[in-house]
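Subject: Structure for you to look over

Hi,

Here is the structure I promised to hand over. Please open it first, then read my notes below.

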Amino acid sequence: MNILGIESSCDETSVAIISDNILKANLISSQDFHTKYGGVVPELSSRAHLQIIIPLLKDALKQSGLELNDIDVVAATAGPGLVGALLVGLTFAKGLSYAINKPFVPVNHIEGHIFSGFLMEDKPEFPMLVMVVSGGHTLLLIVKSYTQIVKLGTTVDDAAGEAFDKVAKMIGLGYPGGPKIQKAGALGDPESIKFPVAELSEKYNFSFSGLKTSVLRYIQKEYGDSSRIPEERKCDIAASFQNAVIKAIIKNSERALKNYEVKSMSVVGGVAANKPLREALHELANKYGKKFVVPAMTYCGDNAAMIAYRGQKVYESGQRFTLDYNAFPALPLNIFSE
Ligand code: KG4
Ligand code: ZN
C-alpha cells in the first residue's frame, strides 16, 4: 500500500510517501523568507505552498519509483494551523484524490506529531507518556493506543515554542527563536539567573507567560532594553530561560510517571529538537526504567512523513471521509477515552 502525505499547516511545505510501511520520501521545503518579518506572514506562506507543492510531489514520486496512479491513499493535514496555508495542501490533496479516484484522509497535525516516534526503527510501546511541544501546542498525554489518547495537561497560556520565540525576540536573537535560544544557551550558564517555574493547582498543566514576563522585567531592570545586553549575558539569559522551561516539563512528566503505568516515553513537536530538553527527558526515562523514543530531527519539525504515517493508521481503522471535509484552524484532538 502506498500512502501519500501532504503537510502545509504553517511555514513548511512537505510531501512524503510511505510504501508498504517503509518511508520512501519525505521532502520538506522551509519558507526561510519569513525571518525578515520576525514571524510567519500567513498570506505569503499560502502563496509559497502553492508554488512548491507540485514540484515536491513530482520529486517524491520520482524518489519512490512510483507513478501518481500507484498511490492508494491521499492524506493531508486538515488542522490545526493557518487556515490559508492548510487550504493549499488540503485542497490539493482532495483534488488529487478525485483525479486518481483514491480515498482521501484528513489528518490532525497534532496527532501526526504524537505518533512521529513510530517513524523511528526502534518504536515506542503503548501505553506511552507523550510530551507535545510545538509552536502552538503544549500537551502532556497518555497514549494508550492509536485511538486512545488521554490528555493529562496543557498550557494555560503560551505554548512552549511560542515562549522560546517571544523570549528570543526580547533578547534580540531573532526568529525562529527555539534554535537561536539553544545555540546562545549552550554558551551560557543555566543556573546564573533564577527565573520562576509556575506552580499550578491543576498539577499537569503548564504556564509560560509568567516566565516570559520575568525575562522581560529582568532585561528592563538590568539593561533598559535588549540592545544594551552584552553578548555573553544574552547567552546566560537564554540558558536560564531554557532551563526554566525544561524544569517545568520535567516536573510534570515525573509526576505523570509516578501516577500512571507506562511502557515508554516520547517528546515530539518542534521544541523536541531542543537538545538539552531531549537529554533531560532521556535521563528521566532512564531513572524510571522506561523506553525513551524521540523522533529524529527531521521528524520533530513539521513534516509529511508523520502525516502519511498517521493517515495510514486512520485509514486502517476503517474511517472514511468525503471530499467536502474542510480545513480546521483549531481542529480538536481525537481524545477518545479518559
Ligand atoms: O512543530 P513545529 O515545527 O510547528 C508547529 O506545529 O508549531 O514547532 C515550531 C516551534 C517554534 O516555536 C520553534 O521555535 C520551536 O519549535 N523550535 C525549538 C527548536 N527548534 C524549533 N525550540 C527549542 N529548541 C529548538 N532547538
Ligand atoms: Zn507542528
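How far does a polar side-chain atom of His109 lie from an oxygen atom of ligand 1? The distance is 3.2 Å. Keep in mind that this is a predicted model.

**Ligand contacts**

Gly135 places a backbone N or O atom 2.8 Å from an oxygen atom of ligand 1. The side chain of Asn274 has an N or O atom 3.0 Å from a nitrogen atom of the ligand. Taken alone, ligand 1 exposes 550 Å². The protein buries 85% of that.

In total, 18 residues surround it. The closest are Gly135, Asp165, Gly178, Gln182 and Gly270. By class, twelve residues of the shell are polar, four are nonpolar and two are charged.

Three helices each supply at least two shell residues: H3 (109-114), H4 (160-171) and H5 (177-185).

Why does ligand 1 lie between domain 1 and domain 2? Both domains give residues to its shell, so the ligand lies between them. Domain 1 covers 2-115 + 299-316, and domain 2 covers 123-294.

**Backbone points to check**

Most residues other than glycine have a negative phi, and most peptide bonds are trans. Please look at these three places against that background.

- Gly79 to Pro80: this peptide bond is cis, with omega near -5 degrees. Pro80 is in the loop between strand E4 (73-79) and helix H2 (83-100).
- Phe126 to Pro127: this peptide bond is also cis, with omega near -10 degrees. Pro127 is in the loop that runs between H3 and strand E6 (128-133).
- Asn21: phi is near 65 degrees, a positive value in a residue other than glycine. Asn21 is in the loop between strand E2 (12-19) and strand E3 (22-30).

Best wishes

Definitions and conventions. Residues numbered from 1 in each chain as written. Chains lettered and ligands numbered in written order. Predicted model: local features only at pLDDT ≥ 70, side-chain atom pairs only at ≥ 80, totals over all residues. Heavy atoms only, no water. Near = heavy atom within 4 Å. Polar contact = N/O pair within 3.5 Å; in protein donor to acceptor, adjacent residues only side chain to side chain. Areas by Shrake-Rupley, 256 points an atom, 1.4 Å probe, with all protein chains shown as cover. Helix = DSSP H or I, 4+ residues; strand = E, 2+ residues; numbered from the N terminus. Nonpolar A, V, L, I, M, F, W, Y, C, P; charged D, E, K, R; others polar. Domains from an automatic or database assignment.
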